Amino acid sequence: MRFYADWHTHTCYSHGVGTVLDNAYAAQRRGLKEIAIADHGPANLFGVGVGNLDTFACIRSDIEEAKRQVSGVKVLYAAEANVIDTDGTIDIPLPMQDVFDLLLIGLHILVKPRSLWRAMPIAYSNIMAKVCRQGERQALVKNTDMLVAAVHRNRVHIVTHPGYRLPIDTRELAKACVVTGTAMEINSGHRHTTCDYLRRAAETGVLFAIGSDAHEPRRVGDLTAGWNLARQAGLDPQQILNVSPQGREWRRR
Ligand SMILES: [Zn+2]
Ligand SMILES: [Zn+2]
């Protein structure tokens, strides 16, 4: 399968190891037409996220340089933001969101919440999810509500690795994504997704994007695991935006 884009890659501005230029050249070597630099938002703790929002200006300037140097690849300015409140607030403020070519959001553990008070029940549920069924159900509802709110509140293009480490109701999220025109990611790095999970999402008509989640240049464009899973789940290439030509129109919305 020929992919034309990998919209989920990280650099050393967050916790990847390559530079923007390294990733752009890696995309060129893979024969990709588009790559997005999507470093983590500032709320990720322990050096996983960018230092602060100003870092995105440096990333943007590196992207401009990469565009000048690397031919044949469109380098997109993106971010993988964190949901930091139950109302769907993310760590990239609304006025800043329009500047990005693509905005990805994901639920991550070890994120600084906007309100510790409101985050406590969610953190507690996710801890209890590991020890009992009821806890898992509660965590699933809370995590899903938060992601659904985030998809509605922000100009989101892709929800990254839904269900990774934090349980969610894939069907409910997919329904919100359909309404808002958001894609759900099939993550080629984490390998947590199952066929059943994808089928339940696909029944809603949601569209998918396969992302490498590359944290090093050699993994840029490594989308095979996601593609294999999509095939096993019976998905059609038309349902995967970074395969089909309709994806080019979709991301410009
Ligand atoms: Zn992530
Ligand atoms: Zn990522």
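Donors are N, O and S atoms within 2.8 Å of the metal (3.2 Å for Na, K and Ca); water is not among the atoms, so sites may look incomplete. The views below show a predicted model, in which local features need pLDDT of at least 70, side-chain atom pairs count only at pLDDT 80 or more, and totals for chains, interfaces and linings use all residues. Residues are numbered from 1 along each chain as its sequence is written, chains are lettered from A and ligands numbered from 1 in the order in which they are written, and side-chain values use heavy atoms, with hydrogens and water left out.

**View 1. Glu80 bridges the zinc ion (ligand 1) and the zinc ion (ligand 2).** The two ions lie 3.3 Å apart. Around the zinc ion (ligand 1), the coordinating residues are Glu80 (OE), His108 (NE2) and His161 (NE2), at 2.1 to 2.2 Å. Along the chain, these donors follow the spacing E-x27-H-x52-H. Glu80 lies in strand S3 (residues 74-82) and His108 in the loop between strand S4 (102-106) and helix H4 (116-128), so the pair ties together parts that are 28 residues apart in sequence. Helices (H or I, at least four residues) and strands (E, at least two) are DSSP runs, numbered from the N terminus. Both Glu80 and His108 are buried; buried means under 20% relative accessible area, exposed over 50%, and partly exposed in between (1.4 Å probe, protein chains only).

View 2. His8 is buried, with a relative accessible area of 1%, and His10 is buried at 0%.

**View 3. Seven strands form an open parallel sheet in the order S1-S2-S3-S4-S5-S6-S7.** Strand S1 (5-9) and strand S7 (208-211) stand at the edges, each with a single partner strand, so one side of each is left without a neighbour in the sheet. Two strands pair if DSSP finds at least two bridges between them. Three bridges link S1 to strand S2 (residues 34-40) in the parallel sense, and Ala5 has Glu34 of S2 as its bridge partner.

**View 4. Both faces of S4 are covered.** Leu102, Leu104 and Gly106 are buried on one side, and Leu103 and Ile105 on the other. Five of the five residues of S4 are buried, so the strand is largely enclosed by the rest of the structure. S3 runs parallel to S4 and is joined to it by five bridges, with Glu80 opposite Leu104. Two bridges pair S4 with strand S5 (residues 158-159) in the parallel sense; there, Leu104 has Ile158 as its bridge partner.

**View 5. The buried residues of H4 are Ile122, Ser125 and Asn126.** Seen down the axis of H4, these residues fall within an arc of 100 degrees, so they line one face of the helix; the arc is that of the directions from the helix axis to the C-beta atoms. The buried residues pack against helix H5 (133-153), where contact means heavy atoms within 4.5 Å. The face turned away from the buried side carries the exposed residues Leu116, Trp117, Met120, Tyr124 and Ile127.
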